[in-house]
Amino acid sequence: MPSLGADMEAGTLVEWLIKPGDHVKRGDIVAVVETQKGAIEIEIFETGVVEQILVGLDSKVPVGTPLARICTELETKPGAAAAAPPAGPAVLPPAPLRPPPIAARPTPPPPPTAAAGRQRVSPAARRLAEMHGIDLSSVTGSGAAGAITYADIERRIGEVPVTAEKKRAPGLDLDAMRAAIAAAMARSKREIPHYYLAHQVDVTACEQWLARLNATRPPDSRLLLGALGIKAVAGAARRFPSFNGFYREGKFEPGSAVHVGFAIAIRGGGLAAPALHDAEQLSLDELMARMRDLVQRMRAGRIRSSEISDSTITVSSLGERGVEALYGIIYPPQVAIVGFGRVVERPWVVDGAVGPRSVITLTLAADHRVSDGHAGALFLAEIGKLLQEPDKL
Amino acid sequence: MLQQTVRPAIVETTFREAVREAIRDALRRDDRVFLMGEDVGRYGGCYAVSKGLLAEFGPDRIRDTPLSESGFTGAGIGAAMAGMRPIVELMTVNFSLLALDQILNTAATVRHMSGNQFGAPVVIRMATGAGRQLAAQHSHSLEGWYAHIPGIKVLAPATLEDARGMLWTALQDPDPVLIFENVMLYNMTGKLAADAGAVNIDKAAIRRPGSGISLITYGGSLWKTLEAAAQLANENIDAEVIDLRSLRPLDDAAIMASVKKTRRAVIVDEGWRSGSLAAEICARIVEQAFFDLDAPIGRVCSEEVPIPYPRHLEDAAIPQVPRIVAAAKAAVGRA
Amino acid sequence: MTAVVDKPHLSRAHALDLLKQMIRVRRFEEKCFELYTQEKIRGFLHLYDGEEAIAVGAIPVLEQRDRIVATYREHGQALVRGVSMKAAFAEMYGKQEGCSRGRGGSMHLFDRATNFYGGNAIVGGGLPLSVGLALADHMRGNDVVTACFFGDGAVAEGEFHESLNLAALWGLPLLFVCENNLYAMGTALALSESETDIQRKAACYRIPSEAVDGMDVVAVEAAARRAVHAVRESGKPYFLECRTYRLRAHSMFDAQLYRDKAEIEAWKKRDPIVRFQGWLEANRMIHPDDLARIEAEVAVEIAEAVAFAEAAGWEPVEELTRYVYADRAA
């Protein structure tokens with residue numbers, strides 16, 4: 001199939017004017033091809049005998065496809081016929097010339113770095129650093145020619161100062177921790193559309209159960225209501241996955257396990273929520289032991305940042321401080337935080353009669369990109385339900 | 001008593017007269033040079049640039065043409081290819097569109113397309129710009145469009161020195177050179193050295209050094225930009241004014257050196273904003289001086305309208321001093 | 001118009017030369033067609049089959065110092081003028097050894113050595129250029145004629161009128177050669193011109209003109225002699241309309257829906273090569289051996305030139321931006 005034009009890619013054979021055995025000479029019209037511009041006659045450049053038609057009528061074939069095989073005069077000399085049928089040269093266009101592949105042009109060298117002393121910081125990074133009080137000179141850039149990018153600043157914000165503890169004398173750098181908290185909380189409020197739900201739960205059953213259990217235990221192995229609360233949250237989180245996991249890069253990744261972040265505040269203003277790994281699989285005693293261990297390590301400044309970043313949902317309690325309800329700020333990239341207020345003696349209706357009950361206000365602050373009030377309500381209700389059967393936790 | 005006539009070292013002259021003197025000088029020094037265009041001879045030039053030249057050089061070298069922009073521009077290109085150094089005068093950039101095929105498809109392509117066998121050392125001068133209430137078809141600023149084309153060079157003289165000196169250098173260039181003279185500048189008066197001569201045609205010039213912001217401009221907008229810079233100085237904004245002088249090639253080195261120093265830039269360009277020369281300069285600054293910027297690059301261009309006739313609308317349509325001042329203040333964060 | 005001027009000296013040698021030149025162009029074009037179908041030549045290809053008598057009749061009348069401007073259908077003009085066949089094929093292949101460094105292709109053959117100012121892809125685009133070339137010679141007092149070849153299609157463009165007017169107004173040594181093949185791409189002359197007698201238009205600009213049978217190489221030569229002589233003597237323009245026909249389509253990708261097969265067949269009978277050859281044979285000015293010899297010589301030249309083009313190299317990509325402007329010493 002000959003190329004007949006710059007934009008011809010294929011042609012349809014609509015008429016053959018030759019058949020095998022015909023003699024053809026250079027310049028003869030041998031076929032008609034239909035193209036987008038109309039029917040065009042095809043001429044032949046060989047002189048010889050048609051041996052075989054290779055493409056049938058109404059076939060659409062790409063440019064370059066052999067259409068017929070012609071035996072040129074060179075091959076029809078007397079005597080040659082007796083030999084094995086020679087493969088006469090087909091009307092084959094030689095492979096089209098290809099210019100040398102264009103080597104990738106060398107990219108121009110990056111523009112020279114700024115005058116000595118001036119860091120290369122992208123405008124986006126600069127703004128983010130300013131918002132979070134990050135000192136640019138302490139940041140190493142990962143962008144072109146060492147430029148500091150937005151992601152570099154984000155990474156710096158996400159780092160919790162406690163991890164540097166290994167290189168320093170034991171003890172917490174509370175200022176650094178405060179700065180990290182500030183950065184994280186500001187980011188949370190900026191990026192996460194929080195919605196809030198509150199639910200009052202009768203925890204009388206829990207209290208009674210705990211009282212019976214702890215009566216037989218020494219003080220350092222007694223269970224606290226907080227452990228029951230965390231176990232209940234973990235159980236509910238397993239059933240409502242949209243509250244357990246991370247929201248990153250525009251999508252939600254449900255946690256494969258439930259690691260409940262346990263918010264611990266220390267004197268001086270430090271605050272962190274390290275994870276109780278696989279909380280819903282731990283027994284209450286194991287959970288309680290881990291909680292004690294975390295508090296101890298927190299006071300000593302020996303929490304690893306991975307323990308904080310492992311948390312898939314956070315529980316915070318201010319019950320001991322006396323507030324009835326607390327509305328938390330989600331710790332990014334988590335998507336929910338459950339708050340426990342203090343236990344309050346309230347008049348409550350049970351079986352038609354009013355009587356005093358221990359009631360606690362649970363709150364949920366959740367990421368509206370991932371869940372909505374309906375799901376949140378069911379989630380909180382589930383926690384409340386689980387807390388009615390403390391022996392099953 | 002001895003009386004000596006002292007030739008003044010400086011003369012008081014106009015932009016128009018400087019261009020005329022440039023043409024006269026070229027005609028005298030190089031017999032390959034001739035001027036060709038509509039009404040350049042008997043009429044003395046639409047903007048009176050060539051007044052008196054016909055009498056001095058004769059009708060062969062000051063050649064009136066019929067209203068055949070494509071024909072005589074192509075003829076100028078052909079004459080240049082055959083060894084002459086013609087100055088083709090297209091009355092204005094508005095009419096140059098009729099000659100665009102010859103400029104783009106012959107002048108700009110011939111050297112590359114012929115494998116360096118033929119070049120077209122033609123100079124094409126055109127008046128450009130708005131401001132005389134000449135309405136939509138007579139008010140274009142298309143020098144930015146022409147600066148898009150590889151194979152030609154594009155100049156915009158804004159000062160008397162450049163009006164006087166760019167022409168000779170352009171005529172000696174082996175490639176086509178387009179010179180855009182803003183209509184509002186012809187009457188501009190000023191002082192010029194009596195022996196002012198040829199100047200370079202590939203470098204920008206710092207017309208007002210400064211450290212607070214780079215105001216980058218050319219042609220008719222230069223003087224408005226300088227006025228804006230004076231106003232900004234009163235508000236403690238120290239503007240550096242760059243006169244591009246050459247629109248193709250652009251003097252990247254000068255632009256980047258300025259932006260690196262000031263960290264802020266506003267470009268003033270009488271072309272329409274979209275796809276303008278100002279847009280090209282923005283892109284280059286982003287490519288080459290991104291990390292030196294402290295603010296987005298500003299542009300002051302013509303509004304996206306056909307230039308209207310009534311004074312107040314025309315004024316609102318093209319760059320003016322208050323808009324330049326406002327853009328500069330926005331860039332330094334003092335909007 | 002003296003008899004000495006306009007009567008070509010039709011010796012046997014000259015006749016054979018005219019015939020060979022036409023056959024050479026014809027075979028070249030046929031080879032280009034073949035190479036195009038094999039994708040060795042790309043882009044647009046406009047062949048001269050049927051019009052050879054014009055280039056062969058007119059161009060040898062010009063002197064070496066004269067200038068030629070042509071169109072995108074310029075292979076015939078280029079070859080007859082002396083652009084080497086090797087350089088022409090290499091150019092069509094896009095190879096560096098082409099006459100335009102491979103950068104132009106079929107439509108942009110340029111050759112400084114023979115004062116061949118191109119191939120031009122813009123219909124009518126070469127006319128103002130030719131005015132300028134002639135203007136330069138006029139201003140310098142050079143004894144040089146510029147010949148501008150263009151088709152009937154160009155006659156519709158404004159540049160045609162502007163150029164004729166300028167040439168006449170300024171009295172320029174310019175020979176306008178209109179190759180009227182009756183079709184501007186797919187539009188018949190009668191459908192695009194209110195006045196189809198093209199050479200009459202020149203009279204409106206007070207340019208002396210004539211029309212000649214463009215299928216008759218001897219008539220073309222005679223007319224060209226008259227025309228070139230007139231231009232050289234008077235320093236003023238002259239307009240020569242050569243009435244011809246292209247036996248092939250406008251370009252490769254053309255189904256020729258706009259003209260009758262019968263019409264093409266009728267014109268094939270007036271093929272300039274067939275006609276001239278027949279006339280020479282009838283007048284016993286050539287022998288069959290001459291023809292065989294001519295065909296063989298042409299075949300060899302073509303084969304060698306194609307081999308040259310095949311073996312020639314590609315311009316390195318690094319050179320892409322070279323010669324946008326003249327190379328200047330730093």
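Strands in these legends are DSSP runs of at least two residues (E), numbered from the N terminus, and two strands are taken to pair if DSSP finds at least two bridges between them. The structure shown is a predicted model.

**View 1. The hairpin of β9(A) and β10(A).** Strand β9 (residues 245–248) of chain A pairs with strand β10 (residues 251–254) of chain A in the antiparallel sense, and the pairing extends over 4 bridges. Within this pairing, A:Gly245 has A:Pro254 of β10(A) opposite. Between the two strands lie 2 residues. In this hairpin A:Glu249 adopts a positive phi near 50°.

**View 2. The cis peptide bond from A:Pro332 to A:Pro333.** Omega of this bond is near 5°. A:Pro333 belongs to the loop that lies between β15 (313–317) and β16 (336–340) of chain A.

**View 3. The cis peptide bond from B:Arg248 to B:Pro249.** Here omega is near 0°. The loop that holds B:Pro249 lies between β12 (246–248) and α10 (252–262) of chain B.

**View 4. Positive phi at B:Asp39.** B:Asp39 is a residue other than glycine, and its phi is near 60°. The loop between β2 (33–37) and α2 (53–57) of chain B contains B:Asp39. Because B:Asp39 has 16 C-beta neighbours inside 10 Å, this residue counts as partly exposed; a residue is exposed at 12 or fewer and buried at 20 or more.

**View 5. Positive phi at C:Arg284.** Phi of C:Arg284, again a residue other than glycine, is near 50°. C:Arg284 occupies the loop between α11 (272–282) and α12 (288–311) of chain C. With 8 C-beta neighbours inside 10 Å, C:Arg284 counts as exposed, because the cut-off for an exposed residue is 12 or fewer.

**View 6. The contact between chain B and chain C.** Chain B contributes 35 residues to the contact, and chain C contributes 32 residues. On the side of chain B that touches chain C, the elements giving two or more residues are α3 (69–81), α5 (100–107) and α6 (110–113) of chain B. Of these elements, α3(B) supplies the largest share, 11 residues. By residue class, the side of chain B that touches chain C comprises 18 polar, 13 nonpolar and 4 charged residues.

Notes. Residues numbered from 1 in each chain as written. Chains lettered and ligands numbered in written order. Predicted model: local features only at pLDDT ≥ 70, side-chain atom pairs only at ≥ 80, totals over all residues. Contact = placed C-beta atoms within 7 Å. Nonpolar A, V, L, I, M, F, W, Y, C, P; charged D, E, K, R; others polar.
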